[in-house]
Amino acid sequence: MLKEGFFYKKYGDKLQCNLCPHNCVLDNGQKGICSVRVNEDNILKTINYGEITAMAMDPIEKKPLYHFYPGSNILSVGSFGCNLSCSFCQNYSIAHYRVKSKYMTVKNLIDNILEHKNNIGIAFTYNEPTISYEYIYEVSKEVKSTNPDMKVVLITNGYMEIESLRRLLPYIDAMNIDLKSFQKDYYKKVCGGNLNPVLKVIEEVSGQCHLEITTLLVNGLNDSKDEVEKIASFISNLDKNIPLHLSRYFPTYKMNRPPTKIDVMMKNRNIAKKFLNYVYLGNISGVDNSTYCPKCGELIIKRNYYSSKTYIIDNKCPSCNNDIKIVI
Ligand code: SF4
């Protein structure tokens, strides 16, 4: 559905969208880089408002969020479009193509959230959610005012302007933000964006809501020791307890490099652990992704793929009484 967007300025018959750091300047009829915001007769309109392409009850661990209500399920929805153009996109069919969608009003979606049993809330995921800003903002605000126990989660590339982030953040309980690399060139050439705005968003979100970070390690491009050290060091300067998910790349979409080597993934996990209390591996079967107390090493969450069992008592390690900052 077409709806007027937030965050834009008019310059004669041109518009500038200020939702994300691309700040696209649009002639009449022109779409932005995200392909979902358009200058229609000098009004910025969003074309994916309430347009849902995928909906499923997912384990929260699948987002991935490992330290936010482990073992719970969350209603997960996606739309279409993306403001980055990563060559390895795992969701390219909805991120870069206009697929069939179903329109759901804010009320329809909230009814769905409440109808599902054993559901902790709503996760905006699958494609890049922040480019559905107006819909997400309205749903999140309404959820928080009518059903404050329901959680609102964003799984995002973090490519937002700080002003748009600040307006949405009070209604968000948890985010997983991709930090795709620590190289400016990688963001430009492989993802079609810039590194610094993502770092600023991560800094802004840290401490405001629950935060986890995901980095897809791509064979030979961003899987060096130096790169992982930079990423882990940046996160640890914010908070050593922010979980980092290092995810293994497999060839897909426009990228044809061989998969990232498993021994490189393992080594990088150990490197990141020198900086951070919690580092997990994604897209590798058979690895231990359980959570251990960073002080005494006691098992505190036993995890097996997407199922988990928690041993934390009153936010403390059952063995050494260390404070554990995991939302349960
Ligand atoms: S949200 Fe879309 S139109 Fe707006 S600045 Fe970003 S890419 Fe451009």
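Q: How many nonpolar, polar and charged residues does the shell around the ligand have?
A: In this predicted model, the ligand is surrounded by C17, L19, C20, H22, N23, C24, G32, I33, C34 and R37. Cys, Leu and Ile count as nonpolar and Arg as charged, whereas Gly is placed among the polar residues. By class, the shell therefore has six nonpolar, three polar and one charged residues.

Q: Are the axes of α2 and α3 parallel, perpendicular or oblique to each other?
A: Helix α2 spans residues 106–115 and helix α3 spans residues 133–146. The two helices pack at an angle of about 50°, with their axes 10 Å apart. Angles under 35 degrees count as roughly parallel and those from 65 to 115 as roughly perpendicular. Because the angle is about 50°, α2 is, in relation to α3, oblique.

Q: How many nonpolar, polar and charged residues does the contact of α2 with α3 have?
A: From α2, the residues V106, L109, I110 and I113 take part. They meet Y135, E138, V139, E142 and V143 in α3. Glu counts as charged, while Val, Leu, Ile and Tyr count as nonpolar. The contact by class has seven nonpolar, no polar and two charged residues.

Q: Is the aromatic pair of Y133 and Y137 stacked or edge-to-face?
A: The structure holds eleven aromatic pairs, and one of them is formed by Y133 and Y137. Both residues lie in helix α3, four residues apart, which is about one turn of the helix.

Q: Is the crossing of α7 and α8 left-handed or right-handed?
A: Helix α7 covers residues 225–238 and helix α8 covers residues 262–273. Their axes come within 9 Å and cross at roughly 35°. The crossing of α7 and α8 is right-handed.

Q: How do the residues of the contact of α7 with α8 divide into nonpolar, polar and charged?
A: On the α7 side, the contact is made by K225, V228, E229 and A232. On the α8 side are N268, I271 and A272. The contact of α7 with α8 divides into four nonpolar, one polar and two charged residues.

Q: Is the peptide bond from K63 to P64 cis or trans?
A: P64 has its place in the loop between β8 (54–59) and β9 (73–78). The bond from K63 to P64 has omega near -5°. This peptide bond is cis.

Technical notes:
Residues numbered from 1 in each chain as written. Predicted model: local features only at pLDDT ≥ 70, side-chain atom pairs only at ≥ 80, totals over all residues. Heavy atoms only, no water. Near = heavy atom within 4 Å. Axes fitted to C-alpha atoms, helices over the stretch in contact; angles between N-to-C directions. Parallel < 35°, antiparallel > 145°, perpendicular 65-115°, else oblique. Contact = heavy atoms within 4.5 Å. Phe/Tyr/Trp six-rings, centres within 6.5 Å; stacked < 30°, edge-to-face > 60°. Left-handed = near helix turned anticlockwise from the far one by under 90°.
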